[in-house]
Amino acid sequence: MRFHIRRDDTVQVLIGKDRGKSGKVIRMLKEDQRALVQGVNFVKKHHRRKSQDQPGGILQQESPMHLSNLMLICPGCKKPSKTGIQILKDGSRTRFCKACRQVIE
Ligand SMILES: [Zn+2]
């Protein structure tokens, strides 16, 4: 399955408390159609104390966001953009920005 967003893309959040924020995709969770975005969608997680050196408590951690809530920021026009798929002469598929026609790899 192919998605409009890939790892290492810079994306913008469309909804939720982090709406308007942007960050880099650090991990794709393809089965869930979610992506982990750096610095976005922090949730508090409770950690139990494991040892003397690692105290328990509340830790802030990024939580994966559904891909439909994310939009790719085009490296060409630097705006959140809709992408299309272009099929090249050699048969490979590449994404392009529908706003500025820049090919995005
Ligand atoms: Zn563009």
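This is a predicted model: local features need pLDDT of at least 70, side-chain atom pairs count only at pLDDT 80 or more; totals for chains, interfaces and linings use all residues.
How many other C-beta atoms lie within 10 Å of Cys77? The number is 13, and Cys77 is therefore classed as partly exposed, since a residue is called exposed at 12 or fewer and buried at 20 or more. Leaving aside residues up to four places away in sequence, Cys77 touches Cys97, Ala99, Cys100 and Gln102.

The backbone of Lys78 has a phi near 60°, a positive value in a residue other than glycine. Is Lys78 buried or exposed? Lys78 counts as exposed because it has 10 C-beta neighbours inside 10 Å.

Arg101 sits in the loop between strand S9 (93-97) and strand S10 (103-104). With 12 other C-beta atoms within 10 Å, Arg101 is exposed, because the exposed class takes in residues with 12 or fewer such atoms.

The chain is divided into domain 1 (1-73) and domain 2 (75-105). Taken over C-alpha atoms, the centres of domain 1 and domain 2 are 24 Å apart. Where the domains meet, five residues of domain 1 are in contact with five residues of domain 2. On the domain 1 side of this meeting place, three residues are nonpolar and two are polar, while no charged residues are found there.

The next stop is a set of paired strands. Strand S1 (residues 10-13) pairs with strand S2 (residues 22-29) in the antiparallel sense, over three bridges. In this pairing, Gln12 stands opposite Ser22 in S2. S2 is also joined to strand S3 (residues 34-37) by four bridges, and these two strands run antiparallel as well. Here, Leu29 stands opposite Arg34 in S3. As a general point for reading such strands, side chains in a regular strand alternate between the two faces of the sheet.

What value does phi take at Gln33, in the hairpin of S2 and S3? Gln33 has a positive phi near 55°, and the hairpin has four residues between the strands.

Conventions
Residues are numbered from 1 along each chain as its sequence is written. Domain bounds come from an automatic or database domain assignment. Two residues are in contact if their C-beta atoms, placed from the backbone, lie within 7 Å. Ala, Val, Leu, Ile, Met, Phe, Trp, Tyr, Cys and Pro count as nonpolar, Asp, Glu, Lys and Arg as charged, and the others, Gly among them, as polar. Two strands pair if DSSP finds at least two bridges between them.
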